Amino acid sequence: MAKWGMVIDLDKCTGCQACTTACAMENNRLPGENWQDVLFYTEGTYPSAQLKWFPRPCFHCEDPSCVHVCPTKATYKDPNGGFVLIDWNKCIGCKYCMIACPYGVRFYTDEKPVVGGPTGGPGPDIREVFPGDGKRSWNPPWRAPDARDDWVHGVGIQPKGVVSKCTFCYHKVSKAPPGTPDLDEDDPALKEYVPACVRTCPPKARYFGDLDNPESRVSKLIADKRGVRLKDETGNKPQVYYLSGGAGPAVPSTRETVKKT
Amino acid sequence: MTTMTKSPVGLANTVLVASLAGLVIGLAIVLINLGAQGHAAFNTTSLGLMWGLPIVTYDYFVVTSTGLTLIACLSLTFGVRDFDPVARRCLWLALATLLGGVVSLMLELGHPLRSLYAIPLNLQTDSPLFWKMLFMTAYGVLLLVALARGGSRPGWGLAIALFAAALGVALLAGSVFGMMAMRPMRYGGEVPLAFLAEGLTGGLAFAVLGTYLAYGGQASMPEGVKRLMTGALPKVFALMIAITAAMVASRTVTGLWSNLDGLQVWEKIVASPLYHLHLWAGLVLPLVLMLLPSQRTDGTLQVTAALLVAVALFIGRYEFVIGGQLVPLFKGSWAPAFIDYAPSFTEWMLALTSLSLAALLYTAGDKILDLGALPQGED
């Protein structure tokens with residue numbers, strides 16, 4: 001089976017956040033629940049301060065600490081494709097996976113709204129505008145077809161009391177023809193299987209393919225351009241690699257790059 | 001043989017009524033707010049602070065419970081007869097605090113009922129939480145079995161199993177945090193030992209408070225209890241306070257000295273008045289009180305020291321659980337350097353619920369059961 005992975009070329013990424021928007025639309029995320037985020041940093045001080053950005057999905061790690069700590073096996077490593085997924089039928093909402101993830105990519109949405117509502121600034125809490133029906137924690141009219149809901153793989157709008165995260169668009173990627181080395185949005189036969197963030201990236205900074213296939217473009221890019229992984233020292237071994245050989249944004253080495261406020 | 005001596009009926013009744021009122025009011029507010037707002041009633045966020053005051057409360061009471069059982073095990077497992085007069089009292093108090101902690105956890109979880117079957121059935125043996133729940137279940141059952149034997153000394157097998165279960169729960173409670181390499185403030189093999197030491201210290205504090213609540217003062221205590229309270233117990237208490245204070249100081253110095261990313265939270269913690277209340281008023285002052293031979297036997301000072309230590313350990317647990325999350329992990333510049341967190345009203349009410357449940361169970365048990373019974377039979 002494939003071991004799906006992503007390569008993000010930081011020299012090409014413009015920080016436009018089209019990936020964030022596409023992910024939110026594809027997966028019906030709450031405002032602020034950015035499974036795919038672009039993080040902005042400031043480094044240095046005036047007059048040499050620099051604004052930098054860093055696109056960050058879930059890394060679907062090879063040896064994920066979130067999987068090890070989950071007491072119910074709700075979060076698991078899918079052997080068919082290497083996805084790290086959450087079974088919403090098993091999640092007890094203990095949030096230990098959120099504690100253990102070194103990258104902060106998980107969300108527990110039964111909390112005060114990040115955007116809107118009494119604490120999140122102007123606008124309503126969208127969950128109150130489109131309240132859940134008992135099955136979903138909220139219920140927007142523009143959601144994906146019900147038939148595509150897949151709680152075992154964390155696809156769809158989650159019920160209350162569980163943790164959510166990026167699935168690498170499992171509902172699309174898992175349907176790709178077996179043996180496919182790359183999911184390239186330029187290939188008409190494959191574009192429907194490409195993750196939303198990859199497909200929508202305007203500067204084509206993202207590549208998605210089989211990390212176990214030496215002929216895949218992602219494998220070649222990692223080898224040829226010395227792809228690096230975020231916080232590799234934690235041992236989680238992300239399946240998302242960054243290319244940062246040029247003068248553009250680089251992989252932040254520590255959280256010290258976070259702007260002090 | 002029993003040593004039942006009832007004196008402070010007025011105080012016990014006051015605690016009973018107050019804890020009943022606290023439980024009803026606290027639980028009602030928590031349930032209403034959780035029903036109306038869900039977990040938005042808590043001030044926890046996906047930004048980085050996922051475990052708030054309910055987890056602090058839960059761990060505080062569970063770890064204290066293990067300490068109380070270990071104190072009882074001095075008598076029941078190791079045959080230290082000096083501790084016979086408080087063994088049964090400590091066991092009951094251990095059960096009360098365990099349930100007080102568990103109620104906080106269950107109301108914090110997204111799916112509390114699911115956890116009851118999903119954890120044992122899925123056998124995720126990699127997870128420290130799996131082992132903690134396994135040991136906690138065994139620990140709770142063993143406590144009940146030991147208490148059901150009335151004044152009889154538990155057999156060797158049960159006594160050893162109870163000791164092992166309490167030890168395991170305390171160490172695993174620490175491992176849940178200590179095994180998290182990605183959170184340097186919490187990471188380290190000494191964390192389970194710190195939890196064990198704090199459990200014993202807290203257990204001793206609760207044992208002192210529970211004993212004085214039962215008897216009022218030393219004048220009303222049976223001879224064995226009085227001998228313990230003026231002899232071995234305050235000395236052991238002083239030793240454990242000293243060890244706990246040393247661990248806090250050691251961790252603080254290491255945290256301030258090291259430049260590992262994430263440890264900068266120690267500067268924030270040390271700048272807080274709570275930290276100094278914890279260390280100086282909550283540990284150093286009681287240590288001085290319990291070290292001085294002329295003062296360590298004074299009942300009023302013992303209760304004062306126990307109260308200070310009980311509060312200090314709660315603050316310490318708060319600093320540890322919350323502090324480990326204050327530096328956000330890769331959230332970008334829209335996240336602050338440190339997360340601001342203050343428990344919500346609902347979270348405080350949940351803490352009140354836990355405290356009230358523990359106090360209610362203890363005082364009710366003290367009225368109904370003969371908690372001063374000396375363990376009968378051979379070791």
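**Close-up 1. A salt bridge joins K95 of chain A to E108 of chain B.** In this predicted model, the side chains of K95(A) and E108(B) meet with 2.9 Å from N to O. How many salt bridges does the rule find across the interface of chain A and chain B? The count there is 1.

**Close-up 2. The side of chain A that touches chain B draws on strands and helices.** Which elements give two or more residues to this side? They are the strands β2 (37–43) and β6 (107–108), together with the helices α2 (65–69) and α3 (96–100), all of chain A. Sorted by class, this side of chain A has 24 nonpolar, 15 charged and 9 polar residues.

**Close-up 3. Chain A and chain B bury about 4,100 Å² between them.** Of this buried area, 56% is on carbon and sulfur atoms. Each partner brings residues to the contact: 48 residues come from chain A and 48 residues from chain B.

**Close-up 4. Within chain A, E62 and K3 form a salt bridge.** Here the closest N and O atoms of E62(A) and K3(A) are 3.2 Å apart. What does this pair tie together? E62(A) sits in the loop between β3 (50–56) and α2 of chain A, while K3(A) belongs to the segment before β1 of chain A, so the pair links parts that are 59 residues apart in sequence. Over all chains, the rule gives a count of 22 salt bridges.

**Close-up 5. Three strands of chain A form an open sheet in the order β8-β1-β9.** The pairing in this sheet of 3 strands is mixed. Why is one side of β8 and of β9 left without a neighbour in the sheet? β8 (206–210) and β9 (240–243) of chain A stand at the edges and each has a single partner strand, so one side of each has no neighbour in the sheet. From one strand to the next, the twist averages 20°.

**Close-up 6. Strand β1 of chain A pairs with β8(A) in the antiparallel sense.** In general, the strands of a sheet pair through backbone hydrogen bonds, either parallel or antiparallel. For β1 (residues 4–9) and β8(A), the pairing runs over 5 bridges.

Technical notes:
Residues numbered from 1 in each chain as written. Chains lettered and ligands numbered in written order. Predicted model: local features only at pLDDT ≥ 70, side-chain atom pairs only at ≥ 80, totals over all residues. Heavy atoms only, no water. Pairing = 2+ DSSP bridges. Helix = DSSP H or I, 4+ residues; strand = E, 2+ residues; numbered from the N terminus. Axes fitted to C-alpha atoms, helices over the stretch in contact; angles between N-to-C directions. Contact = heavy atoms within 4.5 Å. Buried area = accessible area lost by both parts, 1.4 Å probe. Salt bridge = Lys/Arg side-chain N within 4 Å of Asp/Glu carboxyl O. Nonpolar A, V, L, I, M, F, W, Y, C, P; charged D, E, K, R; others polar.
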